[in-house]
Amino acid sequence: MSLSPNAISFIALTNEYCQVMERARESSREEFVKTMLKLLPRIYMAATDLDVAALDEDDSYIPSFLEEEYYESVRRNVEALLGPDDVYLEVFEEDMKYSDTPIAASIAEGLCDIFQVLYNFISTVRELDPDEMAGPLAAVKEDFGAYWSQPLCNVLRALNHVRYNSAEEDDQETDNPDFA
């Protein structure tokens, strides 16, 4: 099997996403948010457009490589970077139907849930020949539809809010009346 240009693009994007997440502590808040707002829609489109043949369940499996401690470390770094803007109100939560109160969600946790899937995927395909990538590509595509497409959209919306309406930006406007 030769990889389609979209599969190659998807692999490259997921690798870039994982690198950005792993280096969040070294990034500025503004640069991190801008980068995520560029990466997430591209990952969504590439995952949506993945064209993988149906495989046996045994062939479409991605083992877990990400350790819980590392997940938590990355999550804490992103949470610290975003500060108070990390928490947002989630309207697409299943429990929201039965709740009278808003449900808070964390951008850092949503990004790390996606990171977990993509880290495991990249770790799986890193050493594979193109002929062996159909299974992991099918698995990540299936996981996308069943699990991580909705968190991706949710954090994209929240990150958009951070970029254009953040509390930090409001503080700058209050501190500097000439800020226009």
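This is a predicted model: local features need pLDDT of at least 70, side-chain atom pairs count only at pLDDT 80 or more; totals for chains, interfaces and linings use all residues.
Residues are numbered from 1 along each chain as its sequence is written, and side-chain values use heavy atoms, without hydrogens and water. Local features need pLDDT of at least 70 and side-chain atom pairs count only at pLDDT 80 or more, whereas totals for chains, interfaces and linings use all residues.

**View 1. The largest nonpolar core contains 50 residues.** Such a core is a set of buried Ala, Val, Leu, Ile, Met, Phe, Trp, Tyr and Cys residues joined through side-chain atoms within 4.5 Å; buried means under 20% relative accessible area, exposed over 50% and partly exposed in between (1.4 Å probe, protein chains only). Phe 10, Tyr 17, Met 21, Leu 111, Leu 118 and Trp 148 touch the most other members. Helix 4 (107–125) is among the elements that give two or more residues, and helix 4 gives the most, with eleven.

**View 2. Surroundings of Phe 10.** Beyond its neighbours within four places in sequence, Phe 10 is in contact (heavy atoms within 4.5 Å) with residues including Ile 43, Leu 118, Phe 121 and Trp 148.

**View 3. Glu 90 and its polar partners.** Glu 90 is buried, at 3% relative accessible area. The Glu 90 side chain makes polar contacts with the side chains of Asn 154 (3.3 Å) and Arg 157 (3.3 Å). A polar contact is a pair of N or O atoms within 3.5 Å; within protein, one must be able to donate a hydrogen and the other to accept it, and residues adjacent in sequence count only if both atoms are side-chain atoms.

**View 4. Cys 112 and Cys 153.** Cys 112 is buried, with 0% relative accessible area, whereas Cys 153 is partly exposed at 31%.

Notes. Helices (H or I, at least four residues) and strands (E, at least two) are DSSP runs, numbered from the N terminus.
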